[in-house]
Amino acid sequence: MIEKALLFMIIMRIFSGSVDITAAMFMYKYNDLEKAFYINTLLALVGPCVLIITTAIALFGLAEKISLTRMICLFSGIILILFSLKSK
């Protein structure tokens, strides 16, 4: 039997992939570089959200198995990744 946390992570990743494929189809349909750029910018918002949600689900699922210090380090790493994406 599959764990609930793993199932939710799988669902989030399928959702994320579906959003990416849908965005690619819209880019193809509109056939306009400016609109494709706008769609791609919207995708940049979805990616980090999915990363944070799936990581949080995994950490809650592993809460009994890993220490609080490791959880803090993992969340700090995610925050640094997101910060580096926004910095110039």
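The cover over the buried residues of helix 3 includes helix 2 (33-61), where cover is counted as contact, that is, heavy atoms within 4.5 Å, and buried denotes under 20% relative accessible area, exposed over 50%, and partly exposed the range in between (1.4 Å probe, protein chains only). The model is a predicted one, in which local features need pLDDT of at least 70 and side-chain atom pairs count only at pLDDT 80 or more, while totals for chains, interfaces and linings use all residues. Residues are numbered from 1 along each chain as its sequence is written, and side-chain values use heavy atoms, with hydrogens and water left out.

Helices are DSSP runs (H or I, at least four residues), numbered from the N terminus. Helix 3 comprises 19 residues (68-86) and reaches 27 Å from its first C-alpha to its last, close to the 27 Å expected at 1.5 Å a residue, the expected span being 1.5 Å times one less than the number of residues. Within helix 3, Met71, Ile78 and Leu82 are buried. These residues lie on the same side of helix 3, because they cover an arc of only 35° around the axis, as given by the directions from the helix axis to the C-beta atoms. An α-helix has 3.6 residues a turn, so residues three or four places apart point the same way. On the other side of helix 3, the exposed residues are Thr69, Arg70, Ile72, Cys73, Leu80 and Phe83.

In helix 1 (residues 4-30), which contains Leu6, accessibility was examined at several positions. Leu6 is partly exposed, with a relative accessible area of 41%, and Ile10, also placed in helix 1, counts as partly exposed at 35%. Leu6 and Ile10 belong to a nonpolar surface patch formed with Ile2, Leu7, Phe8, Ile11 and Ile14, with about 620 Å² of accessible area together. Such patches consist of residues with over 30% relative accessible area and no salt bridge, nonpolar side chains (Val, Leu, Ile, Met, Phe, Trp, Tyr) being joined within 5 Å and like charges within 9 Å; a salt bridge is a side-chain nitrogen of Lys or Arg within 4 Å of a carboxyl oxygen of Asp or Glu. Accessible areas come from the Shrake-Rupley method with a 1.4 Å probe.

Met12, likewise placed in helix 1, counts as buried at 19% relative accessibility. Leaving aside neighbours within four places in sequence, Met12 is in contact with Val50, Ile53, Thr54 and Ile57. In helix 2, by contrast, Tyr38 is exposed, with a relative accessible area of 55%.

Note on methods: Helix = DSSP H or I, 4+ residues; strand = E, 2+ residues; numbered from the N terminus.
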